[in-house]
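Please open the structure in your viewer and keep the selection tool at hand. This tour says what to select at each stop and what is there.

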Amino acid sequence: MIGIVSYGVYVPSYRIRVEDIAKQWGEDGASMKAGLMVEEKSVPDLDEDAATMAVEAARAAIHRANLDPQDLGAIYVGAESHPYAVKPTATIVAAAIDASNAITAADFEFACKAGTAAMQACMGFVALNKLKYGLAIGADTSQASPGDALEYTAAAGSAAFVIGQDKVIAEIEDYTSFTTDTPDFWRRDLQKYPSHSGRFTGEPAYFRHTTSSTKALLEQTGLKPSDFDFAVFHQPNGKFPLKAAKSLGFTSAQVKTGLMVPFFGNTYSAASLIGLAAVLDKALPSQRILLTSFGSGAGSDSFVLRVTDSIEEVREKGQKVEHFLVSKKYLDYAAYAKHQGKIRM
Amino acid sequence: MREVAIIGVGTTKFGELWDRSFRDIAVEAGLKAIEDAGISGDDLDALYGGNMSAGRFVEQEHIGALISDYAGLSGLHIAATRVEAGCASGALALHSAVLSVASGWYDLVIAAGVEKMTDVNDDIASDLLVSGVDREWEAICGATLPSLFAQMAKAHMQKYHTTSEQMAKVAVKNHFNATHNPLAQYRREISAEAVLGSPIVADPLHMLDCSGIADGASAAVVCTAETAKKYTESPVYVKASAQASDTISLHDRRDLTTMDATVFAAKKAYQMAALEPTQIDVAEVHDSYTIAELIAIEDLGFFEKGAGGTATEEGQTELGGKIPINPSGGLKACGHPLGATGIRQVAEIVQQLRGEAGKRQVPNAEVGLTHNIGGTGGTAIVHIFTR
């Protein structure tokens with residue numbers, strides 16, 4: 001049985017409210033909030049980046065299942081905001097958590113779905129019995145050009161998942177991927193902020209890929225939407241995952257538990273994984289979870305997960321996603337701009 | 001001069017056609033019109049393509065030859081011409097086709113309108129819209145197209161006590177009509193409250209007072225009235241094709257509440273057709289903004305100057321009203337792919353006069369009118385058709 005052995009989440013404690021961003025740009029905060037279905041977004045501290053947050057989530061995951069970091073055979077970090085263009089984040093994480101030197105490690109980039117791609121890579125090694133545990137992380141301090149539509153949601157957070165065959169808390173029963181060359185969102189080398197093609201990021205990008213991947217998974221497994229207790233979709237805002245879910249025949253009740261974007265914003269590579277963590281915080285043994293990520297560029301990975309009896313013991317030993325909902329400090333736009341490095345001295 | 005008729009029309013779906021290119025939609029509309037006319041592409045003598053800004057939307061000029069080529073007509077070496085008059089480019093294509101057939105120069109001509117707007121982002125699209133007015137004296141000074149129509153709306157409100165609710169009614173009516181139009185971009189009803197509650201674009205115009213950015217194409221096949229019956233049982237006759245111009249800048253106008261280009265084009269058109277405004281059964285008018293429909297129905301003589309708001313409020317322009325305006329859903333709900341709109345309006349009137357408009361059919365429509373403007377009324381083109 002291949003699946004998730006442990007998980008850990010980290011979200012910085014700083015927040016900025018959607019209204020405060022709207023106010024800065026002369027936009028209507030209330031209609032922004034309603035349109036995006038997002039209340040506020042997380043903001044990293046001045047000294048936080050994708051690497052430090054990946055370390056936080058990795059430590060939480062190791063601690064939660066009381067694992068020996070020396071048992072990790074692979075560490076993959078997915079992000080679109082790796083602090084170095086050349087120099088891996090994964091080696092920083094490996095050193096920080098005291099992993100063995102006899103590991104394979106690399107950074108992944110696939111916009112918002114690099115974390116689930118890292119999970120798939122770990123599953124492959126585990127299936128081949130080449131290693132005991134693989135660590136897959138999605139972490140981002142996403143950037144948005146000041147005043148851009150993305151600025152209302154671009155947030156920071158990380159999630160780490162240990163993949164293995166031993167003491168699995170959620171079995172990965174099956175998975176599919178759907179990938180095309182679709183230029184909906186990109187950031188070229190040496191550019192500070194990403195570019196995007198406006199409404200094109202909707203139907204031809206997010207919706208086409210999430211629904212195609214999910215449909216393929218349902219077809220491949222013979223499962224129906226009603227066979228799932230929870231459904232987690234990539235959540236760039238609150239509206240998109242609910243719309244995708246509805247079009248596929250899932251209910252908003254199935255989506256709600258894993259819908260964290262209203263409180264954290266879009267944590268990019270961590271977004272669907274934090275949603276999955278929020279579900280694992282609550283799910284009962286034998287319940288079934290759908291996870292569909294989305295990365296611009298573009299692709300989606302979909303997974304069927306089945307919770308095992310081991311869940312109850314493991315999850316209580318780590319901080320739940322709820323913890324990050326409570327512990328928060330609000331910033332005004334000026335302080336936020338400083339935190340995000342938008343003010344250049 | 002020879003009498004002219006329309007023997008076939010065709011229109012693509014309007015909206016965000018992400019998976020279709022400029023040439024795809026132009027050819028689709030053309031082939032639909034050719035099929036509707038029951039002719040072969042080989043029969044055509046010329047092509048007129050109305051388009052406002054392919055050069056900036058898709059970085060393609062010389063679209064006459066492009067469309068002809070991708071329609072499979074390059075071997076015929078027909079005259080293929082692009083015409084442009086801002087948002088009135090579509091009607092200008094038909095006007096040009098009509099002149100060419102009426103003069104005896106050509107016998108069978110296709111007039112097309114096409115615009116692919118969604119390959120650029122909204123900011124660029126907004127900037128391209130304002131290139132239809134005076135770049136140096138309006139756009140560079142900060143005017144956007146909605147802000148200019150907002151000034152017209154403010155003037156109309158001040159002079160004639162027109163209200164935001166009356167303008168909202170235009171959007172409500174046109175959205176309702178579009179629920180019966182399978183090719184429209186927005187096929188959902190909206191309430192006056194939703195219009196008035198939508199964000200302000202340029203006071204007093206709300207987001208739902210404005211037409212949508214869209215891709216789309218439409219085409220019409222034109223021949224002499226004398227030969228029309230050879231191709232179809234139900235030709236639609238072009239009784240008038242009138243074009244007029246005015247100052248490019250809004251601030252140089254005599255009156256902000258009227259478009260003299262519309263008034264003059266309408267006057268010429270009614271003279272040509274020997275018809276009165278009261279004899280028009282159905283009209284497609286240029287409602288790029290809701291205020292534009294109110295100004296148009298007054299300038300076209302359907303209502304007294306200043307009475308457009310009240311008439312709309314009373315339902316006189318609804319399907320079943322005194323004169324149904326924009327049964328298709330208009331630019332507001334069909335979407336407004338700039339160069340395509342003028343021909344899309346013609347295609348609607350042709351369907352109305354043939355009695356093929358389904359649930360949005362105006363009963364026994366015999367005389368129809370189209371009204372297409374460029375910019376804030378720097379150009380206006382009015383066509384009148386009978387069955």
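Begin by selecting helix 6 and helix 7 of chain A, where helix 6 passes helix 7 in a right-handed crossing (the near helix is turned clockwise from the far one by less than a right angle; helices are DSSP runs of H or I with at least four residues, numbered from the N terminus). This is a predicted model, in which local features need pLDDT of at least 70 and side-chain atom pairs count only at pLDDT 80 or more, while totals for chains, interfaces and linings use all residues. Residues are numbered from 1 along each chain as its sequence is written, and chains are lettered from A and ligands numbered from 1 in the order in which they are written.

The axes of helix 6 (residues 202–221) and helix 7 (residues 239–248) of chain A come within 10 Å and cross at roughly 45°, with axes being lines fitted to C-alpha atoms over the stretch in contact and angles running from 0 to 180 degrees between N-to-C directions. Next, colour the residues that meet, among them Tyr206(A) and Phe207(A) in helix 6 of chain A and Phe240(A) and Ala244(A) in helix 7 of chain A (contact puts C-beta atoms, placed from the backbone, within 7 Å).

Now move to chain B and select helix 1 (residues 22–37) and helix 3 (residues 63–70), which pack at an angle of about 65° with their axes 9 Å apart. Their contact is made by Arg23(B), Ala26(B), Val27(B) and Gly30(B) of helix 1 and Leu66(B), Ile67(B) and Tyr70(B) of helix 3. Here too, helix 1 of chain B passes helix 3 of chain B in a right-handed crossing.

Finally, return to chain A and select strand 2 (residues 14–17), which 4 bridges join to strand 3 in an antiparallel run (strands are DSSP runs of E with at least two residues). Within this pairing, Tyr14(A) has Val43(A) of strand 3 as its bridge partner.

Definitions and conventions
Pairing = 2+ DSSP bridges. Contact = placed C-beta atoms within 7 Å.
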